[in-house]
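Hi everyone, thanks for coming.

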Amino acid sequence: MARITSIKGRILYNSRGSKTIEIDVISDNKYLGRVCSPSGASVGKHEAISFPQNKPEKSLELLKNNEKKFHNLDSSDLKSIHDTLREMDSTPNYSKIGGSLAFALTIAAVDSASKALDIPLFKLLSKKTDHRFPFPLGNILGGGAHAGPGTPDIQEILICSTGSKTIRDAIETNLEVHKELGKILIKKDPTFTNGRGDEGGWAPKLKNDQALEVAAKACEELGFTLGKEVSLGVDFASSTQWNEKKKKYIYDRAGFENTPQEQIDFASEIIKKYKLVYAEDAVHEEAFEEMSALTKKFPHVLITGDDLLVTNTKILKKAVKLKACNGAILKVNQAGSLYDALEFAREANTNKIGIITSHRSGESTDAHISHIGIATKSKMLKVGVVGGERIAKLNELVRLAEYDLIRGMVEI
Ligand code: PGA
Ligand code: ZN
């Protein structure tokens, strides 16, 4: 057992260039666990807030004043570390200390413990022996809150190499499709600048339907059949379009509006036409009934809640009751602490809701979520395709393939 001997924090910058915090947890005076917090751009209404009054400095100040409370705790004992954080902040959304502090401190603690115990992090988080790789799910074309004017309203078109038998093949196939799509875009529009959105997906001036067409074309030109070797997914991030006053989805860039029923039809058409394996936030974050309709209609597609669930166990229980989804995004910083997120994962697994462990659009080069994805038995790991902060997570999966503790891919 390793005991926490010191904790220190600093201000760093995320992939969008915004200020964030990094936390060092040291056990037994020598085992360093280090974690930098990510942050989102299309943030769910009910998720943990990043920093009190939006000030990372405030979180660090609070840590400094309370650091000693963590001394001598077992760095692998997530519950005690979580409870100590909760003594500092019992608000549901970590408004006093900031979710970023809860995120970084809890993951840094187990990171430090895994070094002290000399076992990989995923193994520390899950004692089970039947570990499998989640399928990497990556953004190949982006718009919405992640890219500028002229790009699609739809936030993310995603690729998943559903036919792959090994993690390396899954990663390489996603890379191939991303590359092929780049070539198609430049052929289609010689003025295309190779611009990319926050998560590394191409950001061309295209309408939603044109963007989906070129994504499908990239897969087909490589000889793949959609829904077989590779499959497309979409994060509609529909809360961005939802206008509460008008009770309509406003697709500004494409120039149309959808009533709630039209939105269901719009998403259904896309799911069918492009044989999607994955559809995230196809309706807005409070539309549980519409989500239920989609889940009923497409039992074999991962109808997934991100803004809908915000990695919140209470909200997940409501969604389960209403059969509002069969897939759940797990973003640790939406929940706050890693303890909160693992509780959420337990609830999802108990109810056979497929977990998709996910990055945020503003990321660090840390790769802990690759371990968290394996430990939570995630079906998919949504971490992008290219970009240093995205590829870092994929490269960690390649390293982990060297362990004979992991036996192939999960079933989806
Ligand atoms: P975010 O977006 O990290 O900007 O919230 C990602 C997503 O909506 O899945
Ligand atoms: Zn999302």
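By polar contact I mean a pair of N or O atoms within 3.5 Å; within protein, one must be able to donate a hydrogen and the other to accept it, and residues adjacent in sequence count only if both atoms are side-chain atoms. This is a predicted model, where local features need pLDDT of at least 70, side-chain atom pairs count only at pLDDT 80 or more, and totals for chains, interfaces and linings use all residues. Residues are numbered from 1 along each chain as written, chains are lettered from A and ligands numbered from 1 in written order, and side-chain values use heavy atoms, leaving out hydrogens and water.

So, which atoms meet ligand 1? A backbone N or O atom of Ala-41 lies 2.5 Å from a ligand 1 oxygen. Polar side-chain atoms come to 2.7 Å from a ligand 1 oxygen at Arg-360 and to 3.2 Å at Glu-280. The protein covers 100% of the 280 Å² of accessible area that ligand 1 has on its own (Shrake-Rupley method, 1.4 Å probe).

Around ligand 1 there are 14 residues, near meaning a heavy atom within 4 Å. Among the closest are Ser-42, Ser-361 and Lys-382. This shell holds one nonpolar, five polar and eight charged residues, with Gly counted as polar and Asp, Glu, Lys and Arg as charged. Domain 1 (4-118) and domain 2 (131-409) each give at least three of the shell residues, by an automatic or database domain assignment. Thanks, all!
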